[in-house]
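Me: I have a structure open and would like to talk it through piece by piece. Could you help me read it?

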Amino acid sequence: MSRDATPPPAAPRLSMRMRRALWVWGFLALPVLFYGVIRFYPTLDAFRLSFTDWNLMSAPKYIGLENYRRMLAEPEFWQVFRNTFAYLVLGTPISLLLSFTVAYFLDRIRFGHTLMRALYFLPYITTASAMAWVWRWFYQPAPTGVINAVLGDLGLAQMDFLRSTTWALPSIMVTAIWAGLGFQVIIFMAGLRSIPTTYYEAARIDGVGEWAILRRITLPLLKPTTVFLVVFSSIGFLRIFDQVYNMTTNDPGGPLGSTKPLVLKIYQTAFSSYEMGYAAAQTVVLFTILLLVSLGQLWALRKR
Amino acid sequence: MNRHLLHAGLLAGTVLASAGSAGAVEIEYWQYIYETRVQAMDQLIEMFEAENPDITVKQVTFPYADYQTRVVAAKMAGNGPDVLQLFYGWTDRFVDGGVIQPLSKEAFPDEMIESEFFPIVSAMKRDGNYYGLPTAVRSLALFYNKKLFEEAGIDGPPQTLEELVADGQKLAKKDDGGNFTQVGMTIDMAGQDHQWWREVLLRQFGGVPYNDDYTEVEYDSEAGVAATQWYTDLVTAHGIGTQGFMDEGQAAFRAGRAAMTIDGTFRLGSFRGIEDFEWGVAELPANADGLRSNYASYFANAIGAGAEGEELEAAEKFLAFVSSPEAMQVWLKVVGELPARPEAALTEENLADPVYAPFLKALEYAHTTMFVDEAGQRQVTMDMINRILLQQQPVAEAVAEAAAAEQALLDRAN
């Protein structure tokens, strides 16, 4: 038995690698199994459910593409679709631009560096729902809301932040950007630190200006960091839920659905209307969008 | 030491013997977590077990948000509760899903139910069978801030819609910038206003919200437009309040910045914590002809589909007990919800109570909406008002659009 297990002397390296691989897979098997049962199986099952009519109580009834047909015909779905992309298209570039700017300058200061970094990071580790409630109160009309109270004292007109169909979505997006900023700043700073200083020294000796250094050295060398953050933040904005739900609990996703993202619509369809099949169909759409956006971004940013 | 052991042994022996001789049954009772409700049920179980030593009742509770999902999951797994609490609006889903069984006509004859409970119990009836009985019911009333009324020199709460407008105008206050610092009345469709509009205002303006079996929306009418116009005029024409003032109507009232708000019995517990001012309760105002209406709702107790044999028998006994006048008094005292039997509710003591009386009177003329998706239907009403107030959509158009949207919801469910 033990003799069989000892590796033949001819190829000791291969066997060593194999044994290590076995060990690794032995340890990985548990999470893989866990993921398979907890994540992948339900994901695949959602595809099946999306072709059924199921209210949780009775057995799912196969109805073909009816859920998808209903979705495409429903104006609310398209509004939710537009909202979701508004969060993505506005949120991702703004948050990246902001976080890069902050990281770029924060990287240069020494005094108070740690404190500033901690302050930027603090929102990221705060519970999203707690923060959403704080902002919700900030946005209230006077006399409750801080922002409107200040506006009032300055003799300016009140802003209807969360009660306006135009401003509600940007108002909520601001809080989401703020919440994610700290994380992006930290990652950008790590990226900046990983660029060898010799490049900068060489460029400065050659008399290259700061702007050119930024464009020719810093940004290209930061690409892996940027790709990661673009994908990460895009997925975050496509899945936005906490902020919206907590800031609009009275009229979830309102007013008039103007802030409702796809995830909130899925949640309501599933757990307030109990239309599981229809919710699954929407989930499939979200899954497809997430997949396409991620693949598209990876492809676009790799190629250049 | 030994004596203790002996006692323990004797005790265990007697418990076993008595349990064995009477054929002990254990049944499970499910409800969602709400502190006072759980406490009241603990007391009721204790009383019930004292009367029925051969039956043990185990109370199982879940957070409200999970409750329905748990019931469904348990049903699928085949180990559901024997007696469970459900909102009357879930009855269709629970009946269709085979979660609950009809009450037997022997234990709960129709004549008994119909003569001894408030008429709103009919919302538990499907195809000639009752599926549950309420312990307590809830209705709406007008809460008013006595301090603000006094300051404005108003004697008492408004009795009619016209008085409500006049009082509201006197009570609203704005700062120099034109922002409300105090509203005459809260405008909060997300709160109870949608029920007020649906079952009260629509009727007071000569309309009806739905047909008799609640399958057809009928408020796309002159009355529907008039009622909606009257409601939005509170904001646009009379300047009595504004949506979203202090976030929620009940928060504004609690803060003493809203003179009036419409809310239900379930708010009593929370408002009892107010220390800064005295508040009163009045019946919802009547229209010019004196017509009043109200919206009543309730959680009922039903028997799980899985209960059979002696468990079913025990479950029936327990259900009869928790819907008895005696249990209702406990519920009123501990939870603050009104008894579901006129006999227990309309006692001299309750009718003389200034807080309970307006709610109780309402039960005689209240309606109970048969919702198919309460959150969805509320959303339709909220959107209608938002389209009028935020997007200046003409009222008639907004009402027509809402009626069509709600009809689509009903059609999908029926």
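Me: Let's start with A:Asp107, is that residue buried or exposed?

Reply: This is a predicted model, and in it A:Asp107 has a relative accessible area of 18%, which falls under the 20% cut-off for buried, so A:Asp107 counts as buried.

Me: And which residue forms a salt bridge with A:Asp107?

Reply: A:Arg193 forms a salt bridge with A:Asp107, and the closest N and O atoms of the two are 2.9 Å apart. A:Arg193 lies in helix H8 (residues 168–193) of chain A, while A:Asp107 lies in the loop between helix H4 (75–106) and helix H5 (113–125) of chain A, so the pair ties together parts that are 86 residues apart in sequence.

Me: What about A:Arg193, how accessible is that one?

Reply: A:Arg193 has a relative accessibility of 48%, so this residue counts as partly exposed.

Me: Why can such side chains pair at all?

Reply: Side chains of opposite charge can pair when their charged atoms come close.

Me: How many salt bridges are there over all chains?

Reply: The count comes to 23 salt bridges over all chains. One of them, in chain B, joins the side chains of B:Arg138 and B:Glu337, with 2.8 Å from N to O. B:Arg138 lies in strand S7 (residues 133–138) of chain B and B:Glu337 in the loop between helix H13 (325–334) and strand S15 (338–339) of chain B, so this pair ties together parts that are 199 residues apart in sequence.

Me: Are B:Arg138 and B:Glu337 buried or exposed?

Reply: Both B:Arg138 and B:Glu337 are buried.

Me: Where do B:Glu199 and B:Arg203 lie?

Reply: B:Glu199 and B:Arg203 both lie in helix H8 (residues 189–204) of chain B, where they are four residues apart, or about one turn of the helix. These two residues form a salt bridge whose closest N and O atoms are 2.7 Å apart, and both of them are buried. In chain A, A:Glu74, A:Glu76, A:Lys260 and A:Lys265 are joined into one network by salt bridges that share partners.

Me: Changing topic to the strands, why is strand S1 of chain B largely enclosed?

Reply: Strand S1 of chain B covers residues 25–32, and six of its eight residues are buried, so the strand is largely enclosed by the rest of the structure.

Me: Which strands does S1(B) run parallel to?

Reply: S1(B) runs parallel to strand S2 (residues 55–62) of chain B, with eight bridges joining the two, and the bridge partner of B:Glu28 in S2(B) is B:Lys58. S1(B) also runs parallel to strand S3 (residues 83–87) of chain B, here with two bridges, and B:Trp30 stands opposite B:Leu84 in S3(B).

Me: What do S1(B), helix H2 and S2(B) make?

Reply: S1(B), helix H2 (residues 35–51) of chain B and S2(B) make a right-handed β-α-β unit.

Me: How many residues of S3(B) are buried?

Reply: Five of the five residues of S3(B) are buried. Both faces of this strand are covered, with B:Val83, B:Gln85 and B:Phe87 on one side and B:Leu84 and B:Leu86 on the other. S3(B) also pairs in the antiparallel sense with strand S14 (residues 297–304) of chain B over five bridges, and the bridge partner of B:Phe87 in S14(B) is B:Phe299.

Me: What is the order of strands in the open sheet of five?

Reply: The order is S9-S10-S11-S8-S12 in chain B, with mixed pairing. The edge strands are S9 (173–174) and S12 (279–282) of chain B, each of which pairs on one side only. Within this sheet, strand S8 (residues 140–145) and strand S11 (residues 258–264) of chain B pair in the antiparallel sense over five bridges, and B:Ala141 stands opposite B:Asp263 in S11(B).

Me: Last topic, how many residues does the contact take from chain A and from chain B?

Reply: The contact takes 24 residues from chain A and 30 residues from chain B. The area buried between the two chains is about 2,400 Å², and carbon and sulfur atoms give 53% of that area. In chain A, A:Met57, A:Arg163 and A:Leu256 lose the most area to chain B, together 30% of what that side buries.

Me: How many salt bridges are there between chain A and chain B?

Reply: There are two salt bridges between chain A and chain B. A:Arg136 forms a salt bridge with B:Asp247, with the closest N and O atoms 2.8 Å apart.

How values were computed:
Residues are numbered from 1 along each chain as its sequence is written. Chains are lettered from A and ligands numbered from 1 in the order in which they are written. This is a predicted model: local features need pLDDT of at least 70, side-chain atom pairs count only at pLDDT 80 or more; totals for chains, interfaces and linings use all residues. Side-chain values use heavy atoms; hydrogens and water are left out. Buried means under 20% relative accessible area, exposed over 50%, partly exposed in between (1.4 Å probe, protein chains only). Two strands pair if DSSP finds at least two bridges between them. A crossover is right-handed if, with the strands pointing away from the viewer, the path from the first strand over the helix to the second runs clockwise. Contact means heavy atoms within 4.5 Å. Buried area is the accessible area (1.4 Å probe) that two parts lose on being put together, summed over both. A salt bridge is a side-chain nitrogen of Lys or Arg within 4 Å of a carboxyl oxygen of Asp or Glu.
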